[in-house]
Amino acid sequence: ADVGLLIGILESFSDAVDLLPGPMEKKLVDETHRRLSFVLSESNRRRGERALEYKDADDEIREEIDEENEQEDDMIGYVGSVIKSMVDLSKGGYLPSFHSSLHPILWQYLAPTSSEGQKAAA
């Protein structure tokens with residue numbers, strides 16, 4: 001996945017949500033959550049693969065892995081921006097949908113081993 005492209009898409013989507021005149025329909029919220037869940041799950045998978053590679057890597061490869069993880073953290077921050085925009089738009093009506101879909105993924109980010117970007121998103 002091109003994380004830079006995902007960042008641009010997430011930033012644009014967050015800006016678009018900010019311009020909506022009212023709350024999003026439940027069907028659209030649910031579809032957005034499915035997409036965000038996929039993005040976060042794939043990010044976790046990539047980070048896990050890099051963690052395995054990191055153990056046996058030389059300094060140059062470790063630096064590349066650190067940069068890729070930082071880019072993932074930036075992307076996760078934009079997922080947080082989308083969620084914040086949806087909360088601001090829908091207020092309390094958004095929470096039940098969030099708790100049933102995205103909360104379990106973001107809750108994992110509060111673990112001590114999570115990156116700073118993951119903790120910030122949580």
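Are Tyr94 and Phe98 buried or exposed? Both are buried, where buried means under 20% relative accessible area, exposed over 50% and partly exposed in between, with a 1.4 Å probe and protein chains only.

A word on the basis: this is a predicted model, in which local features need pLDDT of at least 70, side-chain atom pairs count only at pLDDT 80 or more, and totals for chains, interfaces and linings use all residues. Residues are numbered from 1 along each chain as its sequence is written, and side-chain values use heavy atoms, leaving out hydrogens and water.

The structure holds one aromatic pair. Ring centres of Tyr94 and Phe98 are 6.1 Å apart with planes at 35°, so the pair is tilted. Rings of Phe, Tyr and Trp (its six-membered ring) pair if their centres lie within 6.5 Å; planes under 30 degrees apart count as stacked, over 60 as edge-to-face and the rest as tilted.

Of its 22 residues, Leu40, Ile83 and Leu102 touch the most other members.

| Element | Residues |
|---|---|
| α1 | 3-18 |
| α2 | 26-55 |
| α3 | 59-90 |
| α5 | 103-108 |

The most comes from α3, with seven residues.

Leaving aside neighbours within four places in sequence, Leu40 is in contact (heavy atoms within 4.5 Å) with Ile76, Val79, Leu102, Ile105, Leu106 and Tyr109. Leu40 is also among the buried residues of α2, which pack against α1, α3, α4 (95-101), α5 and α6 (116-121).

Methods
A nonpolar core is a set of buried Ala, Val, Leu, Ile, Met, Phe, Trp, Tyr and Cys residues joined through side-chain atoms within 4.5 Å. Helices (H or I, at least four residues) and strands (E, at least two) are DSSP runs, numbered from the N terminus.
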